[in-house]
Every structure is written in C-alpha cells, then in structure tokens.
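Here is a short tour of one protein structure and its ligand.

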Amino acid sequence: MLNSEFTIYWTVDEANGVIDLAAKVQNNGWVAFGPGKGRMVGTDPVIGFINGGQLFIFDYSISAQQLCVGGQGVCMDTVLGGTDDVQQASGVFENGYTQIKWRRRLDTGDSHDIPIVKGLMDVSFAYHPDLKALTQHLTTTRGTAKINFFTGEDNEEESSAQGLIASAVVAIILLEVSLF
Ligand code: HEM
C-alpha cells in the first residue's frame with residue numbers, strides 16, 4: 001500500500017525477465033506508478049486511466065514538473081524517440097476503484113526506462129481523484145516509497161510524508177492472483 005488509496009501489486013518472473021504490475025486506486029481518474037529517483041523528476045512511470053470503459057495506458061518519462069512541452073515534462077517515451085514498453089495491459093473501473101494491470105521487461109533496453117533491479121528501489125506514484133486526462137495531481141495524491149521488487153521488502157521510513165502506510169507487501173503479492 002503506497003497510501004490509503006493506492007495499492008500496488010506485482011509478481012516478478014525472473015526467468016523470463018518480466019514483471020507484472022497492478023495498481024488498484026480508489027479514484028476515477030488517471031493513475032501513475034514507476035521506478036524513479038525519490039521525487040517526481042526522473043521517474044519512469046506508466047500512466048493509465050479508464051474513460052468510457054476504455055483503457056488508455058502508456059509508458060512515460062518525467063524530466064520536469066509540467067505537461068510535456070517540447071520534450072520537457074511528463075512525456076510519452078514514444079514522443080522522446082523511445083519505445084512504449086507497456087505489454088499485456090488491461091484495466092477496469094469498478095466499485096469506485098481504478099484497476100490497471102500491465103507487464104514490462106525488467107530491463108526494457110529503452111534508454112528512457114529505468115531497469116527493475118534487485119535491492120531497494122525508489123518508486124513514485126501519483127493519481128488524480130477524477131480527471132481522466134493527465135493534469136497535475138493534488139499534493140495529497142502523490143508520493144514516493146522504496147520497494148524491493150524481488151523480496152517484497154518496503155521501507156516506510158524512507159517514504160515521503162504523504163500518509164504512507166507500511167504494509168505486508170509479501171501478502172499483497174499473494175493476493176495479486178485474485179485481484180482480477
Ligand atoms: C502533467 C502531470 C504532472 C504535473 C503537471 C505535475 C506537477 C507537479 C508539481 C507542480 C509538483 C510540486 C507540488 C507538489 O508537491 O505537489 C509536483 C510534485 C510531485 N509530483 Fe508531480 N506532476 C505531474 C505528474 C506526476 C506523476 C505522473 C508522478 C508520479 C509518477 C508525480 C509525482 C510527484 C511527486 C512524487 C511529487 C513530490 C516530490 C517532488 O516535488 O518531486 N507527478 N508535481
């Protein structure tokens with residue numbers, strides 16, 4: 001759980017070099033999550049939302065705290081000359097929750113992506129309560145944490161002061177199977 005409204009689930013398939021991720025967020029707007037540098041700038045997020053029952057989900061990079069203008073800001077990797085490395089995406093909005101699932105390679109080979117490696121990694125997340133087009137989040141709907149994707153360990157103390165709640169991430173991994 002990244003805050004009281006945002007839970008991230010994942011399973012790593014090391015043999016095949018992929019990670020399956022799922023975000024379950026109590027909102028009806030856009031949802032973003034990805035490895036980063038402990039702040040917004042430098043994050044390699046996937047951003048998705050459900051609009052009219054249809055899923056929109058893309059691979060982004062963040063170089064500035066703004067919408068993408070001239071290649072600076074929250075930009076799709078494809079706009080930057082990179083590749084969209086979101087695979088096998090699915091998503092629903094149901095019972096007040098946006099739930100999106102996707103797969104990516106641990107190391108996509110795209111210079112606009114941050115490889116998922118062993119050890120504690122900085123991650124950033126953000127969402128908007130109801131807007132389905134990418135816009136600035138609220139100060140209460142963004143934050144950072146540290147996650148070890150391979151062991152399920154997380155680090156509450158290093159997390160930003162956004163009401164982050166420590167949780168049994170290992171238990172969440174087991175629950176992932178029954179999420180959808
Ligand atoms: C176009 C979309 C976005 C805009 C315009 C935007 C803008 C901003 C602004 C102005 C701030 C400073 C105010 C504050 O503290 O809330 C901020 C902070 C932050 N944003 Fe965003 N943001 C966007 C998307 C995202 C996304 C997609 C993520 C995560 C995946 C994110 C993560 C953060 C984090 C962690 C902070 C606080 C730490 C920091 O200042 O670096 N933001 N954002």
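## Proline 45

Proline 45 counts as buried because it has 23 C-beta neighbours inside 10 Å, and 20 or more are enough for that label. This is a predicted model. Proline 45 sits in a loop, the one between strand 3 and strand 4 (46–51).

Which residues does proline 45 touch, leaving aside its neighbours within four places in sequence? The contacts are Ala32, Phe33, Gly34, Tyr60, Ile62 and Ser124. Alanine 126 is 81 residues away from proline 45 along the chain, yet their C-alpha atoms are separated by 9.4 Å.

Alanine 32 belongs to the largest nonpolar core, a set of 35 residues. Ala23, Val31 and Ala32 have the most contacts inside that core. Across the protein, buried residues make up 39% of the 180 residues.

## The ligand

Which residues are closest to the ligand? They are Ala32, Arg39, Met40, Ala126 and Gln136. In total, 22 residues surround the ligand. Ten of the shell residues are nonpolar, ten are polar and two are charged.

Three strands each supply at least two residues of this shell: strand 3 (31–35), strand 9 (121–127) and strand 10 (142–147).

## The overall plan

The protein has one helix and ten strands. Read from the N terminus, the order is β-β-β-β-β-β-β-β-β-β-α.

Take the contacts with a separation of 6 or more: 54% of them join residues 24 or more positions apart.

Strands of a sheet pair through backbone hydrogen bonds, in a parallel or an antiparallel way.

Six strands make an open sheet in the order 6-5-4-3-9-10, and the pairing is antiparallel. Strand 6 (74–76) and strand 10 are the edge strands, each pairing on one side only. On average, neighbouring strands of this sheet are turned by 30° against each other, direction ignored.

Strand 3 and strand 9 run antiparallel and are joined by five bridges. Which residue in strand 9 is the bridge partner of phenylalanine 33? The partner is phenylalanine 125.

Another open sheet has four strands, ordered 1-2-8-7, with antiparallel pairing. Strand 1 and strand 7 (87–94) stand at the edges with a single partner strand each, so one side of each has no neighbour in the sheet. Here neighbouring strands are turned by 10° against each other on average, direction ignored.

Follow the pairs across the sheet. Strand 1 (residues 6–13) pairs with strand 2 (residues 18–25) over eight bridges, and threonine 11 stands opposite aspartate 20 of strand 2. These two strands form a hairpin with four residues between them. In its turn, glycine 17 has a positive phi of about 70°.

Strand 2 also pairs with strand 8 (residues 97–105), over eight bridges. Valine 18 stands opposite arginine 105 in strand 8. Strand 8 and strand 7 pair over six bridges. There, serine 90 has lysine 101 of strand 8 as its bridge partner.

Methods
Residues are numbered from 1 along each chain as its sequence is written. This is a predicted model: local features need pLDDT of at least 70, side-chain atom pairs count only at pLDDT 80 or more; totals for chains, interfaces and linings use all residues. A residue is near a molecule or strand if its C-beta atom, placed from the backbone, lies within 6 Å of it. Ala, Val, Leu, Ile, Met, Phe, Trp, Tyr, Cys and Pro count as nonpolar, Asp, Glu, Lys and Arg as charged, and the others, Gly among them, as polar. A nonpolar core is a set of buried Ala, Val, Leu, Ile, Met, Phe, Trp, Tyr and Cys residues joined through C-beta atoms within 7 Å. A residue is buried if 20 or more other C-beta atoms lie within 10 Å of its own, exposed if 12 or fewer, and partly exposed in between; C-beta atoms are placed from the backbone. Two strands pair if DSSP finds at least two bridges between them. Two residues are in contact if their C-beta atoms, placed from the backbone, lie within 7 Å. Axes are lines fitted to C-alpha atoms, for helices over the stretch in contact, and angles run from 0 to 180 degrees between N-to-C directions.
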